[in-house]
Each structure stands twice: as structure tokens, then as C-alpha cells.
Amino acid sequence: MHPLQCVLQVQRSLGWGPLASVSWLSLRMCRAHSSLSSTTCPSPERQEDGAPKDFSSRLAAGPTFQHFLKSASAPQEKLSSEVEDPPPYLTMDELLGRQRKVYLETYGCQMNVNDTEIAWSILQKSGYLRTSNLQEADVILLVTCSIREKAEQTIWNRLHQLKALKTRRPRSRVPLRIGILGCMAERLKEEILNREKMVDVLAGPDAYRDLPRLLAIAESGQQAANVLLSLDETYADVMPVQTSPSATSAFVSIMRGCDNMCSYCIVPFTRGRERSRPVASILEEVKKLSEQVLQLIHERDNICKQIHLPAQSGSSRVLEAMRRGYSREAYVELVHHIRESIPGVSLSSDFIAGFCGETEEDHVQTVSLLREVQYNMGFLFAYSMRQKTRAYHRLKDDVPEEVKLRRLEELITVFREEATKANQISVGCTQLVLVEGLSKRSATDLCGRNDGNLKVIFPDAEMEDVNNPGLRVRAQPGDYVLVKITSASSQTLRGHVLCRTTLKDSSENC
């Protein structure tokens, strides 16, 4: 097929006019197509006597089903280090954002939140700046939803508002560009460009990598669009950038698209076929988020410096039987990393004594882990088989009950010894304590928690208030007080109260 015919055929199948962006994408497809079609097609294989092989013979000599499974098991993702050559009508300089400011608005589900983070990650690397001020934006991008008619109507109304903003744009500033991203761009395509001439850019859910090029075309005054769906795009190499500085949660996308084809749902038609991200890229993103959490715990005084890190066993063999997904060595390495990231962090853990098949050597390894890590808090139990679990169906509860209880007592003894050593480091120190209320064991004592979530007991007595010199007060639940630690056990710290303070005042004086 002639390349021009291929371009027109793709355009007709998409129901599009001769837009430059679609034509360029189609032309690239044609080059690949023409290079294949220009190669002479192999003729049917023949036997030694020259007669064509029958179908069964050729099938037996071909690839097996396992060949296709192996090929599909590790999809080839585009590497982030790859830099694609610009199209012939643009230069590398024109693809750069040149510090133009982008304003992003997100509508719809959590996937759109993730799409916004992906789009911003791509634009940020291309030299664009982010703004939260609509008035100073050079580019406004709406990440849209098509799940219901009301969601789309919201976007049409928003475009009407933005039209006035674009009309009032001073000539002294660069022209304002407006783009529609996501599901609505994919579903309505040409209707948006024809109905709203003020829309400059359309990018479907699988076209965010193309945003720098689309915006570069828009700078020349043309409308630009890419709404081609992909069978393999997962943005696995694009690390999302959180767009909300005040966000208290983060989403990690593990797949895109949907194959369910529910009779009421538009998602398969706007987001394409279902495909999963490679596990390695998911783990890398989770690891980065975990690092950010550790950094925040270290930096913020209003976050407790305590992490619960369930081990369950100190034996790699038992951990494998438990299907925990890590070895003893990996666990200890994580402990070291956390303590390096958050000096003085308090660690707690869970342990099971007498799991299926646990030997005395396995038990000794758990005891040694307790001594090595020296937890501040622990939750230790003897194993009890639960119906419906994998262990119930696949393993044998072969450790006698008396052995389980003996091992549990040994674990508890070692834990208390090591926790007492760890907690005694605080003796003589002054600690900030959040008051919880009266002690359960004494009506004359108060109980609270320190920065490591350890319980602190101190007398319910009058004290000074640092914000009101000369005023004597008694601590109430929710107050912060400074307590000088005088003794420590495996479970609690004890001390005497010095004064009532605030989290802010305490942080500034540290």
C-alpha cells in the first residue's frame, strides 16, 4: 500500500480530518507498514522433494504455546533514557516548555488523579513550570471524565468559563493554550475540536508522552490531537509527581484499561484494553513513596517516630513457609535503613512461636533476631491453626502445644530483656509527652505517649505553663508536657513532669 493511502485509511477509520498530529502518527505507522510490505513474502515451506508441506507439518515445526507465554511474560517497556527524535516539522528547542506555566485541573476518579501526576511528570521534564494560579497560566489542561453525562457537562461548562479568560488575554502575553486530556478527549475527539474552537490540544489516556509535541504544534496556532489507544502503554518508566502539596495519601496505579465490557460502562472504550504494569516498576514507585514517608517522619515533629515492622519469624526457611515474601537478611537490611533514615526511631513487631514445621534451630534464629534488632515494643503469640488458610490446607500443625508455649515464653523473656535495654537509653532525658489521661493502675498518675509511642507514666501534679509564666496548671488529655525520665521497663517509662508546653514551642527549643 502506498504511504499516502495508508494515512488516509487510518484517518478514515478514526473519523478524523487531516490534522497534522494525526497525520504524523499515521505516517510513522505507514513507514513501518511499508517497510514490511516491501519485503518479499516468504513462500510456503517445501519438503525435500519440492512438494509444499501440509498444514500439520508446518504447525508442528512452528513455535509452541509456551513460546508466546514466554514472550508475553516480560513486555518491553520504553526506557525513560530513550529520547525520541522530534518529527521533521519541529526542532528539539520547540518541544521544550521554556518555563511556560501549566495549570492542571482534575475531574473524576483516582485514575485521573494518577493521570494528572503522570502528565505533569512528563511536562516537568520538558521544561514547563507548575502554577496553582489560573490567571498566570500559559497552558490550562483539564484531565476529564466520561463515566456519566453529568461529568462531561461539567467540562463543557468549564470550557465556557475558560473561553472568556482566553478572550481577555492581553496581547503582551503569550497566547493561552487550553487542552483536554483523558477519557472525554478519547470519547468525543472531533466534536470537541469542532464545537470549541478555543481548545488547542486533545490527548487521550495513552498519549501523555506526546504532550510536549502537541503543545509545540499548538504554539503555531494549529489544533493538535493524539487519541490513539495503545495495547502496551502503562507509563511504567514515568514516575508520577504528586500534584497536591497537602495530599495525605498517594495512589499507585498497577494497571490501565479494562476488558470486562460491562454493558453500562464506557471505560473500555476510553481507556482501551486491560494491561498491567511490570512488577519491577510498581515496586520502584512504592519504594520511592516509602522513602518519602521515612523522610517526612524524620522531618516533621507532629509525626510519631515509631514504625511497626512485623517480622513473624527470624528464620528465612519459616518465612518462606509463611509466604511472607522476604528473607531474614532483607528484613534486617530494612531495619538498618529505617534507623539510618530516622535516628532514634522506635520499632515494634509481631512474632509467632511454633509455626508449622518450625525446628529448634528456626526458633533460635528468631531469638537471635530479637536480640539483634532490640525492639521497643512487641506482640508475641503461639501459633494456632486457622481454617480456610493456606497453612490449614497445605501444611501440618506439627509443633506440640507444650513446645509452642515454651518457645513463646523464651521469646517473651528475650524481648523484655532487650526492650528494657533499649528503653533505658531514655533515662535522664527530657521528653515531650502527649497526655492521654489517668493511668489505669494509679489514680494519682497520668499516662501519655512520647515521640516513639512509648507509654510514659508521671504524677498528676501542678506545673508551670510555658505560655503563661507564673500560672500553675494541671495537665489535661490532649496537652503536651515535658517529662524528665527517671526509670524504664520493657513496656513503660516513668518520670516527673516539668511543665506544660506546646508542640511548636517544644520544637523551637530543641
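In which strand does Arg-275 lie? Arg-275 is part of strand S8, residues 275-276.

The views show a predicted model, in which local features need pLDDT of at least 70 and side-chain atom pairs count only at pLDDT 80 or more, while totals for chains, interfaces and linings use all residues. Residues are numbered from 1 along each chain as its sequence is written, and side-chain values use heavy atoms, with hydrogens and water left out.

**View 1**
Helices (H or I, at least four residues) and strands (E, at least two) are DSSP runs, numbered from the N terminus. Arg-275 counts as buried, at 7% relative accessibility; buried means under 20% relative accessible area, exposed over 50%, and partly exposed in between (1.4 Å probe, protein chains only). The Arg-275 side chain makes a polar contact of 2.5 Å with the side chain of Asp-206. A polar contact is a pair of N or O atoms within 3.5 Å; within protein, one must be able to donate a hydrogen and the other to accept it, and residues adjacent in sequence count only if both atoms are side-chain atoms. A polar atom of the Arg-275 side chain also lies 3.0 Å from the backbone oxygen of Glu-233. Not counting residues up to four places away in sequence, Arg-275 touches residues including Ser-230, Leu-231, Thr-234, Met-255 and Gly-257, where contact means heavy atoms within 4.5 Å.

**View 2. The six-stranded open sheet, with order S2-S1-S3-S4-S5-S6.**
The pairing in this sheet is parallel. Its edge strands, strand S2 (129-130) and S6, each pair on one side only. Two strands pair if DSSP finds at least two bridges between them; S1 and S3, which run parallel, are joined by five bridges. Val-143 in S3 is the bridge partner of Thr-106. Helix H6 (residues 149-167) packs on the sheet and touches S1, S3 and strand S4 (177-182), its direction making about 175° with that of S3. H9 packs on the sheet too, touching S3, S4, S5 and S6, and its direction makes about 165° with that of S5. Axes are lines fitted to C-alpha atoms, for helices over the stretch in contact, and angles run from 0 to 180 degrees between N-to-C directions.

**View 3. The largest nonpolar core, with 27 residues.**
A nonpolar core is a set of buried Ala, Val, Leu, Ile, Met, Phe, Trp, Tyr and Cys residues joined through side-chain atoms within 4.5 Å. Val-102, Leu-123, Leu-181, Tyr-208 and Leu-211 touch the most other members. At least two residues of this core come from each of strand S1 (101-106), helix H5 (110-125), strand S3 (139-144), strand S5 (201-203) and helix H9 (211-219). H9 gives the largest share, six residues. Leaving out residues up to four places away in sequence, Leu-211 touches Ala-119, Leu-123, Leu-181, Val-201 and Ala-203. Another core, of 26 residues, lies apart from this one, and among its members are Leu-309, Val-335, Ile-342 and Ala-353.

**View 4. The three-stranded open sheet, with order S9-S10-S11.**
Pairing here is parallel. Strand S9 (306-308) and strand S11 (377-382) are the edge strands, each pairing on one side only. From one strand to the next, the twist averages 10°. S9 and strand S10 (residues 346-353) run parallel and are joined by three bridges. Ile-307 stands opposite Leu-347 in S10. H16 packs on this sheet, touching S10 and S11, and its direction makes about 170° with that of S11.

**View 5. Lys-404 in helix H16.**
Helix H16 spans residues 401-423. Lys-404 counts as buried, at 2% relative accessibility. Aside from neighbours within four places in sequence, Lys-404 is in contact with Ala-353, Gly-354, Ala-382, Tyr-383, Asp-397 and Val-399.

**View 6. Tyr-235 and Asn-453, two loop residues.**
Most residues other than glycine have a negative phi. Tyr-235 has a positive phi of about 55° although it is not a glycine. Tyr-235 sits in the loop between strand S6 (224-226) and strand S7 (255-256) and is buried, with a relative accessible area of 1%. Asn-453, also not a glycine, has a positive phi of about 65°. The loop holding Asn-453 runs between strand S13 (445-449) and strand S14 (455-459); Asn-453 is partly exposed, with a relative accessible area of 26%.

**View 7. Cys-262 and its closest cysteine sulfur, in Cys-265.**
The structure holds zero disulfides, a disulfide being a pair of cysteine sulfur atoms within 2.5 Å. The sulfur of Cys-262 is 6.0 Å from that of Cys-265, too far for a bond. Cys-262 is partly exposed, with a relative accessible area of 34%.
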